[in-house]
Structures are given as structure tokens and as C-alpha cells.
Amino acid sequence: MTSLEPPRSPGQRLRDTLARLRDDEDAWVATASSDGTPCLVPLSFVWHGDTLVMATRRTNPTAVNVTPAGAVRVTLGPTRDVVLIEGEAEIVEGTDLPTATGDAFAAKLTWDPRKHSRWVYLRITPYTVRAWREVNELAARDLMLSGTWLVQPSSVTSATDRSALPS
């Protein structure tokens with residue numbers, strides 16, 4: 001049996017989580033239909049402002065499940081370095097998406113769904129964020145509860161690394 005690394009501090013877990021939100025491109029998104037049928041799909045994302053922004057075809061189950069708004073779960077990272085986000089998703093038409101958000105999505109992911117009318121955006125506002133690697137981090141895995149960061153992002157990011165903060 002391998003020994004566990006010491007648990008990360010909440011501040012370090014938050015720094016690692018913000019880095020994932022900034023640098024990762026894809027996440028698993030879980031929704032459920034009105035009759036409870038689960039749907040789990042990978043989608044590309046950008047973290048912009050205090051929301052995750054993803055795009056999918058308007059007829060895909062993920063978009064249908066959250067129309068006009070609905071609960072979602074999003075996970076980033078491998079099974080031994082998990083970021084779990086629970087939030088509320090809303091459907092946003094490309095024409096209604098703020099220009100800066102659409103530009104950030106297009107720049108990060110090198111494609112622009114605003115040019116395709118069959119696509120819509122999911123704007124996910126998190127209300128819970130948890131991060132853990134091993135069992136020794138489970139007890140203190142909560143980074144956000146009820147939409148409030150338990151450790152303020154600005155308190156864990158150096159002045160030279162403000163890019164890790166939500167934009």
C-alpha cells in the first residue's frame with residue numbers, strides 16, 4: 001500500500017482548482033431529464049467571470065435537460081484529483097452571450113459557436129465546489145458552499161498570478 005501525500009491546505013486546494021478552471025479545456029457534465037434519465041457528456045468550457053461556459057447543440061439531451069434552467073454537476077480532473085462543481089445551468093443564445101464571454105470561449109477553445117445557430121451556450125453558476133485527491137482530503141473538500149467561497153480566491157493568489165482568478 002502506498003502512503004498518502006499530506007493533505008493540501010484549503011488555500012492550496014483552491015489554487016489548484018483555479019488553475020484547473022483556467023487551464024483545463026474539457027469537463028464531464030451530468031444532467032437529468034424530467035423523468036430522471038441521467039445524461040453524462042464531456043464538454044469543452046471556459047471559466048469566465050464567476051461562471052463556467054460551455055456549448056452544445058440545442059437538441060442534445062444536455063441542453064434539453066436544462067431548458068430553460070436546471071441543476072448540473074460538472075467534474076474536472078482524474079479520479080485522484082477531483083474538482084466537483086454543482087450549479088445551476090441556464091441556456092444562453094449566442095446572440096445573447098456577452099461579447100467578452102463569447103470571445104474568451106472562442107480564444108481558449110479555438111472555435112466560435114456563435115456562428116452556428118444550432119448551438120447554444122450553457123452558463124453554469126456554481127453553488128458548491130469541492131476538491132480532493134485522496135481520502136485524507138475528504139473532510140475539508142468544500143471550497144464553496146451556497147455560492148460563497150470559503151477561502152477567498154484573492155487571498156490565495158499572488159499579485160503576479162492574478163490570471164488564476166476568475167475573470
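## A buried phenylalanine

Phe 105 is buried, at a relative accessible area of 0%. Buried means under 20% relative accessible area, exposed over 50%, and partly exposed in between, with a 1.4 Å probe and protein chains only. This is a predicted model, where local features need pLDDT of at least 70, side-chain atom pairs count only at pLDDT 80 or more, and totals for chains, interfaces and linings use all residues. Residues are numbered from 1 along each chain as its sequence is written, and side-chain values use heavy atoms, leaving out hydrogens and water.

## Aromatic pairs

The structure holds three aromatic pairs. The ring centres of Phe 105 and Trp 111 lie 5.8 Å apart with planes at 75°, so this pair is edge-to-face. Rings of Phe, Tyr and Trp (its six-membered ring) pair if their centres lie within 6.5 Å; planes under 30 degrees apart count as stacked, over 60 as edge-to-face and the rest as tilted.

Trp 111 is partly exposed, at 29% relative accessibility. Its ring also pairs with Trp 119: centres 5.0 Å apart, planes at 75°, so edge-to-face. Trp 119 is buried, at 19%. Phe 105, Trp 111, Trp 119 and Tyr 121 make up one aromatic cluster.

## Charges over rings

A charge sits over a ring if NZ of Lys or CZ of Arg is within 6 Å of the ring centre and within 35 degrees of the ring normal. Lys 108 places its charged end over the ring of Phe 45, 4.3 Å from the centre.
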